[in-house]
Amino acid sequence: MANGKDDVEILKPRTDKREYRRIVLKNSLQVLLISDPETDKCAAAMNVGVGSFSDPDGLEGVALLLGHILYFASEKYPVEGTYAKDIIEHGGNGGVIISSDNTNFYFDVNTDGFEEALDSFAQCFIKSLMSADATTRGIKAVDSEFKKNLLSDYRRMSKLQRHISMEGHPYHKFGEGNWDTLEVRPKEKGVDTRQELLKFYEENYSANLMHLVVYSKESLDKIQSLVEDKFQEIRNSGRSFPSFPGQPCSSEHLQILVRAVPIKEGTKLKIVWPITPEIRYYKEGPCRYLGHLIDHGGEGSLSYILRKLGWATRLYAGLYAGEGDWGLEFSFFQVDIDLTNAGHDHMQDIVGLLFKYILLLQQSGFCKWIFDELSAICETRFHYKDKVHPSSYVASIASKMRMYPPKDWLVRSSMPSNFNQGIIGMVCNELSPDKVRIFWESKKFEGLTDMVEPWYGTAYSIEKVTTSMIQEWMSLAPKENLHLPAPNIFIPTDLSLKNPEERIKYPVLLRKSSYSRAWYKPDTMFSTPKACVKIGFNCPYARNSPEAQVLTSIFAKLVMDYLNEYAYYARVAGLRLCLYKSDTYSGFEMTLDGYNHKLRMLLETVVDKIAKFEVKPDRFSIIKEQVTQNYQNRKFQQPYEQAIYYCSLLLEDRSWPWMEELEVLSNIKAQDLVRFAPMMLSRAFLECYIAGNIERAEAESMIDHVEDIFFKGSNPICQPLFPSQHLTNRVVKLVRGMNYFYSKEGLNPSDENSALLHYIQVHRDDFMLNVKLDLFDLIARQPAFHQLGSVEQLGYFIILVQRNDFGIRGLQFIIQSTVKGPGHIGLRVQAFLKMFETELYKRTHDEFTSSVNALIDMKLEKHKNLQEESRFYWREITHGTLKLDRIEAEVAALRQLTQAELIDFFNEYIKVGAPQKRTLSIHVVGKGH
């Protein structure tokens, strides 16, 4: 096939200024080119239409193994790590996502390093080397990843659903792979895993099975020329896409109730049906319509009734998007419900109510006004979609190009437009008792099961559920008033853009009083009809004891709980509310972001609910139960997460151990919150940030309203803080020349993983010291992962990352491993620093300049959307650093930095034995170490 442009017009958002072009190379590789002259990052993604479903029998995990080592080295770039080095040293990142029928490789990089990185990327698909040693190390990495996820309930339950299916269908396969499937069993059968890997690569990595997306600031013609030059040589074997026809569940796998024992506390109910593949009717969107209604949180909905009865805390419904659970050949529709302890005792009633609601949908007919409302919401969401990072954008597009015609590569199934009662009715009829699969997870089933899933060891049992049984559950279920939702009052109708009175580069201080401090930043970058409002309630009483911390958390969750039905409509319409206990200071925070048209209405309702807070004993009990489970489940965190927690606990002032908070939680009663809430609010200071498509006068009016509610009137809810109550966050300063150690056994005695967190505390916020630390981090990150991960195989989770505690900056090595204990890993980190010392001294001036320029480009990378910009400035405000011009100031410091100064910085603060070095090593010791 000759190279050529495609005349098809690709539907894009009306606010999207980027240009798109589809081309097909001579080797039949389909490519989407994206030109964005404003971008400061370039990106590419290659989706290969083969995944774990294609693993050879007896070699489970080959597709995943190939994804791990494909980019290690190629014939053109035989030095291992060249591709990763090119990306990281030019300010980029990369990754791979392996699913049932796709393997998606992606990366982004600063614009000046794109052509070099793209060539290295292309060579992985032309001739990857995959040496015997790399294959062995790759198998170990796959095994480490498997062991890291062994105690993940999401993985365990997903695998259980797949295990209970037809053995001859690839859905049943163990796609993750481990040492046993890729090393032990093949050797026993005389199979050479590397030869099978190369065979898999040669047979399946064919250009006609690939889809490429390339994102650059160059013109479409230049991008096309670049792509033609780099990717023409990928071979085309003429192989067809793998096909997996038929549903994976036979009659014996339907009408079942599966009781399963999870790792974590809590009860979940998953009701699943195999359905006609949604992709066949993506313009009609039957699953989106049905999911919208079954998932609805408004009054009269299933979720509303279950919450009112005290049986559930969360409900999700829709096309199940788990790995390998939907595609061209089959799909599943799933209703996922988090149950309370009381809900556990009413499983049959809950399933009965669900089927009663489905029956209501069938009997009510499928309403055009509901479809039109949903379609309008989806259309607005598509046309005013925020920009995201290029790597995420190209990966998401590439992964679905095969499933849609080119004109719909961007919109895909996100904008249903054809109302068809017959198609919706067909899918709704498939949500029937004779096709249902019910998965019920609870630790209360321990000792009551008789089967074990072979890969993750999940205990379970199965019993048949007949249609007549479900009909009986329906007849015995509570006679509640289930009904369809009301029209959504939050749908924006004014999407016009305000003209800011002044072009403000940084947030400005709108006002400061004894009540509040308000910052304002009109949108001068994104040109979207959206806004963001953040308000932090600094309440000193909220953090003065473990009891106060717990009560503040319950308070925030209760406010959200009371607003659930009202805020649900706002969320569906694109206006999000979050209210939560603050991790930054005493008190709680709330964030409202989305379309600005109805934001003020939501804000006033939230503020009123806080001001008139009352404790409803039934809801208090449910939230307390939920909070208790959250605390209890912290012992099942990954060991590296535990290490991060211990580091924060040791360093940050006024932090209470979660075990103390759990201990006091058991004795807390509703009456305690009745007494606490008004006391917490009695002294407060509000930190406010308002940004986006909002005029200054509107922002001031919002602050006036909030202050009037809380601070004004004859009997105000809040009084201003005393000067002594305006406390700054404090961080423990480690002693120079001291090495601190903190060792704890892992909280889960069944977890084989151990973790090391090696923290080097460096300095207090200072522009020049910041950029020295940033530059060292950039230069050392890829060598650290390569040496400790790829070469020494210490574990799957290995990162070098900075730590920033309210402006106190430092560096962290975080490594999780089943192979070695934290003591050994700590020695290897020290050995790496000694080895890297030599590498740092040997770097040429040109290499130093290249790294500096890459870091400058990274810092000058523009925020992609209003939320991202708001998070950046909110962090400066709440952490008390207030360096609103940080980016420009640090870039100026970088331009002055010399190579000698960077080496002096390393010698003084980071190298082994450095005179200013302050370290803290956290050891979380797992089973067997």
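**Strand β16 and its setting in the predicted model**

In the predicted model, R517 stands opposite E687 in strand β20. This pair belongs to the parallel pairing of β16 with β20 (residues 685-692), which runs over 7 bridges.

Strand β16 itself covers residues 516-522 and is mostly covered, 7 of its 7 residues being buried. In a regular strand, side chains alternate between the two faces of the sheet. In β16, S516, A518, Y520 and P522 point one way, while R517, W519 and K521 point the other way. Residues of both sets are buried, with relative accessible area under 20%.

The protein as a whole contains 30 helices and 25 strands. Its radius of gyration is 28 Å, close to the 30 Å given by the globule rule for 929 residues, so the protein is as compact as a globular protein of that length. The C-alpha trace spans about 75 × 70 × 60 Å along the principal axes. Of the 929 residues, 59% are buried. Among contacts with a separation of 6 or more, 82% are between residues 24 or more positions apart.

The accessible surface of the protein amounts to about 36,400 Å², and carbon and sulfur atoms account for 50% of this area.

How values were computed. Residues are numbered from 1 along each chain as its sequence is written. This is a predicted model: local features need pLDDT of at least 70, side-chain atom pairs count only at pLDDT 80 or more; totals for chains, interfaces and linings use all residues. Side-chain values use heavy atoms; hydrogens and water are left out. Buried means under 20% relative accessible area, exposed over 50%, partly exposed in between (1.4 Å probe, protein chains only). Helices (H or I, at least four residues) and strands (E, at least two) are DSSP runs, numbered from the N terminus. Two strands pair if DSSP finds at least two bridges between them. The radius of gyration is taken over C-alpha atoms; the globule rule is 2.2 Å times the number of residues to the power 0.38. Contact means heavy atoms within 4.5 Å. Accessible areas come from the Shrake-Rupley method with a 1.4 Å probe; for residues, only the protein chains shown count as cover.
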